[in-house]
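This report describes one protein chain, from its overall make-up down to a single residue.

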Amino acid sequence: MKLKTRVCKKSSIKNSESAKESSKSTTTYPLSCVDWSSNEEIYFMSDDRQISKWSDVSRDSVEVAKLPDDFVPTDLHWLLLGGRSSGGGKGSDTLLICSNDGRFVILNKSARVERSISAHGAAISSGRWSPDGAGLLTAGEDGVIKIWSRSGMLRSTVVQNEEAIRCARWAPNSTSIVFCQGGHISIKPLAANSKLIRWRAHDGLVLSLSWSPQSNVIASGGEDFRFKIWDAQGANLFTSAAEEYAITSVAFNPEKDYLLVGTFNLLKLCHSNGVSSFIDLKSPDHKNFIALQWSYNTARFSSPYVGSLFNLCWSADGTQASCGTSTGQLIVAYAIEQQQVSGNLKATSKSRKSITLKDLAAGTQDILDFPQRVVSFGLGYGHLVVATTNQVHIYNEKYINTPIIIDGRNDTRVIEVGKKYFMILDALSIWVYTYTGRLHLNPRYPGSQAQIPLLTWRSLSLGLDVLAIRDSSDPTVLHLFDLVPGASRQYDPHSLRAKQQLVQIAACRAGTLEDQFVAFIDSNRELFVSESRNLNGERTDEIYKIGTQLTAIMWASETNIMVGVHDSCYSIWYCPGEGASDPTIIALTTITLDTTEFGKHVTIESFEDCVLTFRSAGALLPVNVNMYCEILHRALLEGQWQQALKICRMGQHSSLWATLAAVATRKHQLQISEEAYSAALQIDKVSYLQHLKALTPSSAEQMAENSLMLGRMLEAETILLHGKKIEQAVGLALRMHNWRRALEISQKHKAEQPELMSQVLQERRMYLKALQRDEWDPLYLPLVAKEKAGNTSE
C-alpha cells in the first residue's frame, strides 16, 4: 500500500504576481488551517488572512474571501452533516474559523460571515464542530473550553483553569472532550457530576490529539519526538520510538483503522494500534511517493523542503488526506496499492481510477478502469465489488468483462461481501444487494436514520442469511435482520440485548438456514454466541458465554468454525454454535495455541477454508487449522452422516467426535450421537441418549428431552405444552427447580388437571424439608397459609 502525494502550489491564485514573488509569499506564512469541505474540495488559510479553495477537479487554487487585517486564523473546521458527496449537501455549508485574539467567526458557503463572537481572552487554539453537528467547542490559551450552539450561543464552560490548552477534540459520540495542557492529557465527560480524567502523557508539550471514530482510542503527538496511543480511560496502548523532531500532528482516518502522523519533513501512516505501518516523504521533487512499509524507515529529505506538517485532515470518505506545512505548502495524498486476497483472486488498486484483478491459479491479470475515483472495494466468493464516487460495479470472476453497474450510490463507506449477498453502508442508509444488482434489503429499525453517520464496519456484520447491526444509541442491543426471501424483515428485526456494551460482532458466513449463529465480544472482552434462529425457524434470545479475554473474532468462510485472538494466544472453536449450550462440548472442541512467536498486536486478516491468516507488525502469518474438522463440517452441511463417521474414525480426535455429537444431537440423529459421545468418553450423555431412545420415536416427550439435552429448556417446555403434555411440562419445571414456572403451569391448567397443584405443593414441601427452611417465596406463601387453614378447620 502507498500514499501518492501532490504538492499543491498557491501560485495559481488570482491576481498573483511573478512566480518568484508568489513562491516567496507561499513560504512566508505557515499553512496551519486546512480542512475538506467535501470529498473534492479543500479550504485553507494562513497568516495572510486569505481563504483559498483547492479543487480536485481543476487541480487549482482560487481565492474565496479575505478576512479583516486584525484577524489572524489559528484553526478552521467545516461542518459536514450529510454533505459527504463531492458536490456538498445540506448541512455542509458552515465554516468555523478561529483567531489568535480570542474571536471565532461562522461563515456560510458563500463566505459571508454569519456570526463573529469574542469567545476567549487569549488565542483560540482549537475550534471544532461536534460529530453530531449539534454544537461546537472552542479551546483557548486562557485555559478555558466553551461549548456553543450551532448559531453561536454560549451553552456552557466545561473547563476553566490557568494553564494554556494546546489542542482539544470531541469524542466520536459527542459526549466527551479530550484536551492537552503542557505534558498532560485530560478527558472531560459532559455528563453532569462526571469527573475529569487526567494523566501525564509526554515528557514535553503535547502538540496534537486525535480521537478515533473506529476503535475509540486516542492518539497524541508531543515535543518528546514520540506519538502514543491511549484508550478512553488513559491507559497507554502504544508508544513509538523517538523521531528526530517533534510530532506536530496526528489524525485518525474516519472510515478505516489508519493513523496519519506528521513531523518535520516526515509523514507516517500507521495502523490505529500504532505499530503496523508508516510512510516517509523521500524525494524533494513534486512527485513524492510515500511507501507504506511494515518496518521503520528513516529516509528523509536531503534539505528542508516542506518543513513541519502542522495540520493533517482526512476527507469524509477516508480515501484522501491533506496537510498544511510550515513553508505554506498544501500537500494532498491518496492511497493506492491497497490489496485484498480471496481464494485464487487478488485485487490491487493501481491508481485512483483503476484496479488490477489477478487470478493466482491461472496466472491471468485484468486491469479494470473506472470513469470515477475508486472509494472502496470488496473481494470474496468469486466476486469483486467496487464503489466509485457515484456508482457500484459488480464483477464476477467468470465474466470479468461484463460488470453490473448500480447508479446513484454515493459516498460508500463500507463494503462487506457475503456468500449470497453484499452489503453497502453509505451516507444515507444500509443496502443489501444480490450479485445480480437487485436491491434485496434496506434495513430499518427505530432511530436507524439518525445513527447512520455513527455506524462503522465494526457495527455491521453480514452473514449467510442474517445481517447483524449494533445499535449506536444503545451499544448493548444487537439487531438481527432476516435475509431469507419473503421474510418480514424490512422494519421488524429481532433484537438481542447483552449485559455489557458490544465491541465486535460477527455473524456466521456458512451453514444451513437452521444453523445460523451470531457471536459478539463485549466491553469485558468476553465472547458470547447466540442462535439467529432455532430449528423451528423462530428467533431465540438464549446467549451463551464460550470465551474470555478476546480482542478479535472471525468465522470461517465456508464452515461454522470460529477463531479468536487473545493477548498472547489464539483459540479455535470447532463447534461454537451447536455446542454453545454445553460447556463440556465447548471445552472438547476448543483448541488454544500460543502466539508468542507472532509478536504483539496480532490481528485476524482472513479465514478461508483451512487456512487462517494473521497479521502482526505488517507480516502475514498463515496457519492451518485441523483439516479433518473442516472436512467433517462440510460433510455435516450436506447431511452425509456415514461419511462424517468415517472422518471421525480416521481422525480419532476428541474434538471431531464432540463436534459430530453436538451436530447429530441437534439434528435428532440419536444413534450417531450416542456413538460420538461414547467415543468422546461422555458416559453421562450416553446414558441419557439411551433413555431418549427408549421413548416413543418423534413423540413430544422425546423431542422435549432432546431439546433439554441441547440446553434449550424453554423450547422443551414449549414442545410439551403444544403436545398437551401438561403433567410432563410441570415435571420438567420441577426437575429444573423452576418452582414459580411449575406453579404457574399447574394453576393455568387447574381446571383440566387439578391434581397437578397438589403435586407441586408436595414437591415444594419435600424441597423445603431437605433444606430445613420455612417457605419464603411470596407466590407460595398464600397457598401454604390456605393449606394450613384448611387443616386447622378439619
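## Basis of the model

The model is predicted; local features need pLDDT of at least 70, side-chain atom pairs count only at pLDDT 80 or more, and totals for chains, interfaces and linings use all residues. Residues are numbered from 1 along each chain as its sequence is written, and side-chain values use heavy atoms, with hydrogens and water left out.

## Overall make-up

The chain holds 14 helices and 55 strands (DSSP runs: H or I of at least four residues, and E of at least two, numbered from the N terminus). Of its 794 residues, 56% are buried (under 20% relative accessible area, 1.4 Å probe, protein chains only).

## Nonpolar cores

A nonpolar core is a set of buried Ala, Val, Leu, Ile, Met, Phe, Trp, Tyr and Cys residues joined through side-chain atoms within 4.5 Å. The largest has 45 residues, and Phe614 is among those with the most contacts inside it. Helix α6 (residues 654–666) gives this core its largest share, 8 residues. A second, separate core of 22 residues includes Leu743 and Tyr780.

## Arg470

Arg470 lies in strand β42 (residues 466–470). Arg470 is buried but has no salt bridge (a side-chain nitrogen of Lys or Arg within 4 Å of a carboxyl oxygen of Asp or Glu). The nearest side chain of opposite charge, Asp471, is 8.3 Å away (Lys and Arg count as positive, Asp and Glu as negative; His and the chain ends are not counted).

A polar atom of the Arg470 side chain lies 3.3 Å from the backbone oxygen of Val503.

Definitions and conventions:
Buried < 20%, exposed > 50% of the residue type's maximum accessible area, 1.4 Å probe, protein only. Polar contact = N/O pair within 3.5 Å; in protein donor to acceptor, adjacent residues only side chain to side chain.
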